Amino acid sequence: MITPLILGNWKMNTTAATAAALAREVAQGAPANGVSLGVCPPLVYLPIVAEACRGSRVAVGAQNVAYEKNGAFTGEVSAAMLKDVGATYVLLGHSERRHTIDPHEDDRVINRKLLAVLAEKLVPVLCVGETLAEREAGRTMDVITTQMKQGLAGVKIAAANELVIAYEPVWAIGTGKVATPAQAQEAHAHTRSLLRAQFGELAKGIAILYGGSMKPDNAREICSQPDVNGGLIGGASLKSADFLAIAKAALEATR
Ligand code: PEP
């Protein structure tokens, strides 16, 4: 049985003061057990948020990383630097990066970043998912297969908790349109089968999160699906009450 994981992706939101306050509220309200929590603030606030979460059950993650270790890479931040300031998780291949921010953020680049994250013993959260056009063309499982195989090329893990996958249908992110529980389960089961092909028995214990307009009122049903092990939450992670309500729903769904 996988302990559900609820990760908040704050994207490019908050200020130093509101980030610290939000982190404190989440840390104070986190359930004592049965669900793992993490928040991914804007990079510049990561140390402040790590301090606010210190001693709590809430881990901290980054939203991006460089694949190089150090050197002349202006504006970049390495996995070792993220670790140095308290990160545990690193989001990789988020659809906003793949499709909107950086046309160079392809599967090859994501794979290099993922290997760099693993080398520092941080936990990569590999985001995969299809666009609306890809779903309508019946290509959802093919897209997931390509993103998983290329993103995880050459990856070896010794334990299931060294890797997290997030299935995030692009058409559901920030749109209020949520995948049906059956659509989520179908994609997650396919993702699990790809993990099994690569990692064998360990695949049973690798958390596969659903992301895309998860809210307090739909979290329980989605998290009840057998291959859904929690959520990657965007908009609803910016309100502590909503984020904590999703965590509670995920906990109840797996009881
Ligand atoms: C996300 O950005 O990963 C996400 C799932 O966003 P939202 O919950 O707002 O759809």
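Colleague: In which hand does α1 cross α10?

Modeller: α1 passes α10 in a right-handed crossing, meaning that the near helix is turned clockwise from the far one by less than a right angle. Helices here are DSSP runs (H or I, at least four residues) and strands are E runs of at least two, numbered from the N terminus. This is a predicted model: local features need pLDDT of at least 70 and side-chain atom pairs pLDDT 80 or more, while totals for chains, interfaces and linings use all residues. Residues are numbered from 1 along each chain as its sequence is written, and side-chain values use heavy atoms, with hydrogens and water left out.

Colleague: Within what distance do the axes of α1 and α10 come, and at what angle do they cross?

Modeller: The axes of α1 (residues 16–29) and α10 (residues 240–253) come within 9 Å and cross at roughly 30°. Axes are lines fitted to C-alpha atoms over the stretch in contact, with angles from 0 to 180 degrees between N-to-C directions.

Colleague: Which residues make the contact?

Modeller: On α1, L22, E25, V26 and G29; on α10, S240, F243 and L244. Contact means heavy atoms within 4.5 Å.

Colleague: Switching to the ligand. How many residues surround it?

Modeller: 14, and the closest are K11, E168, G174, S213 and G235.

Colleague: What are the distances from ligand oxygen atoms to the side chains of K11 and E168?

Modeller: An N or O atom in the K11 side chain is 2.6 Å from a ligand oxygen, and for the E168 side chain the value is 2.7 Å. A polar backbone atom of G234 is 2.8 Å from an oxygen of the ligand. The protein buries 97% of the 290 Å² that the ligand exposes when taken alone, by the Shrake-Rupley method with a 1.4 Å probe.

Colleague: Where is K11 in the fold?

Modeller: K11 lies in the loop between β1 (5–9) and α1, and its phi is near 50°, a positive value in a residue other than glycine. T14 is also placed in the loop between β1 and α1, with a positive phi of about 85°. Most residues other than glycine have a negative phi.

Technical notes. Near = heavy atom within 4 Å. Polar contact = N/O pair within 3.5 Å; in protein donor to acceptor, adjacent residues only side chain to side chain.
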